[in-house]
Amino acid sequence: MPTTIDLNQHRTIKNGLKESLLLQSCPVLEVKNLSISLCGSNGEEDRILVKRLNFTIRPGEMLGLAGESGSGKSLTASTKLGLLPNSLKISEGQIDFQGRELTSLSEKDFRRLRGKEIAYLFQNYQGSFTPFIKIGIQLIEALRSHDKIRKQDAKKKVLFWLERVKLPSERIFGSYPHQLSGGQLQRASLAGALMFNPSLIIADEPTTALDVLTGEKILDLLADLQKELNCAVLLISHDLKHLLKRTDCMAVMYGGNVWWTDC
Ligand SMILES: Nc1ncnc2c1ncn2[C@@H]1O[C@H](COP(=O)(O)OP(=O)(O)OP(=O)(O)O)[C@@H](O)[C@H]1O
């Protein structure tokens with residue numbers, strides 16, 4: 001089976017006061033009985049890839065989703081962003097995001113949510129930026145595509161957030177993506193996610209492409225800023241140690257099912 005770490009023992013040392021405060025607040029995200037299927041072609045039956053998933057994330061809470069490769073973690077994340085490919089469908093269940101049902105949302109409504117209310121950080125941080133446009137310009141454009149904000153104000157906000165993720169803001173603002181290290185790019189992606197003050201951040205293996213130390217620093221930064229902003233985070237990783245160190249609750253997936261959870 002997927003782990004040798006004593007998950008239950010780890011969870012007994014959680015801060016009880018924080019748990020009780022979390023339980024009092026309304027969920028940001030509620031996933032209820034969610035199943036995702038591969039649509040059968042040529043008369044074949046649909047194949048279920050993720051089965052009856054349930055979890056809830058409240059403001060200020062970080063939920064870890066772990067599991068071996070192919071267990072269904074990324075598919076679970078894609079549904080929150082309306083990014084399931086056409087060959088796949090939600091065959092059962094419901095996803096409530098701040099009281100709104102996501103499974104029936106139109107692509108136009110998803111576009112409004114994505115990046116702004118639901119931010120995301122991906123493993124492939126290079127894909128977060130267009131290669132031949134400076135980072136600052138891209139972040140300003142991202143801000144102005146969601147909010148009516150003057151260019152000077154957008155620039156101030158971008159510089160502020162680059163500083164908050166511990167980057168030399170002016171230099172990074174004027175740099176092209178290829179002029180930055182992997183860690184710097186992932187920090188700039190984090191700035192781009194947090195500058196919208198999102199209610200939920202989905203971080204899908206955000207450190208896999210980084211060296212161990214840089215990855216640790218990025219996750220610590222994410223955890224610190226998340227607490228400060230009181231936003232919810234769904235952190236996907238196959239590294240249980242990363243998750244156990246930072247998350248408030250956790251689900252471990254195996255073959256499309258939740259195999260263990262303390263949520
Ligand atoms: N577009 C698709 N068409 C058909 N099957 C798919 C598609 N996307 C994912 N799958 C299948 O769904 C299952 C879950 O995939 P998913 O990408 O969610 O796994 P994962 O847990 O995120 O893995 P990894 O850690 O390697 O990213 C796998 O069996 C995968 O082959």
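## Nonpolar core

In this predicted model, the largest nonpolar core holds 65 residues. Those that touch the most other members are Ala-191, Leu-200, Ile-201, Val-233 and Leu-234. Helix H8, residues 182-194, gives the most to this core, namely six residues. Both domain 1 (15-117 + 196-261) and domain 2 (125-190) give residues to the core, so the core lies between them.

Leu-200 can be looked at individually. With residues up to four places away in sequence left out, Leu-200 touches Val-28, Leu-29, Phe-97, Ile-118, Cys-231, Ala-232 and Leu-234.

## Domains and their contact

The protein is divided into two parts: domain 1, made of 15-117 + 196-261, and domain 2, made of 125-190. Taken over C-alpha atoms, the centres of domain 1 and domain 2 are 25 Å apart.

In the contact between the domains, 11 residues of domain 1 meet 11 residues of domain 2. On the side of domain 1 that touches domain 2, eight residues are nonpolar, two are polar and one is charged.

## Ligand shell

There are 14 residues around the ligand, and Leu-49, Ser-69, Lys-73, Ser-74 and Leu-75 come nearest. By class, the shell consists of eight polar, five nonpolar and one charged residues.

Helix H3, residues 73-80, supplies the largest share of this shell, with three residues. The buried residues of H3 are Lys-73, Leu-75, Thr-76, Thr-79 and Lys-80.

## Positive phi angles

Gly-82 follows H3 and has a positive phi, near 65°.

Glu-205, in the loop between S7 and helix H9 (212-229), counts as buried because 20 C-beta neighbours lie inside 10 Å, and a residue counts as buried at 20 or more.

Methods:
Residues numbered from 1 in each chain as written. Predicted model: local features only at pLDDT ≥ 70, side-chain atom pairs only at ≥ 80, totals over all residues. Near = placed C-beta within 6 Å. Helix = DSSP H or I, 4+ residues; strand = E, 2+ residues; numbered from the N terminus. Nonpolar A, V, L, I, M, F, W, Y, C, P; charged D, E, K, R; others polar. Core = buried A, V, L, I, M, F, W, Y, C linked by C-beta atoms within 7 Å. Buried ≥ 20, exposed ≤ 12 C-beta atoms within 10 Å, placed from the backbone. Domains from an automatic or database assignment. Contact = placed C-beta atoms within 7 Å.
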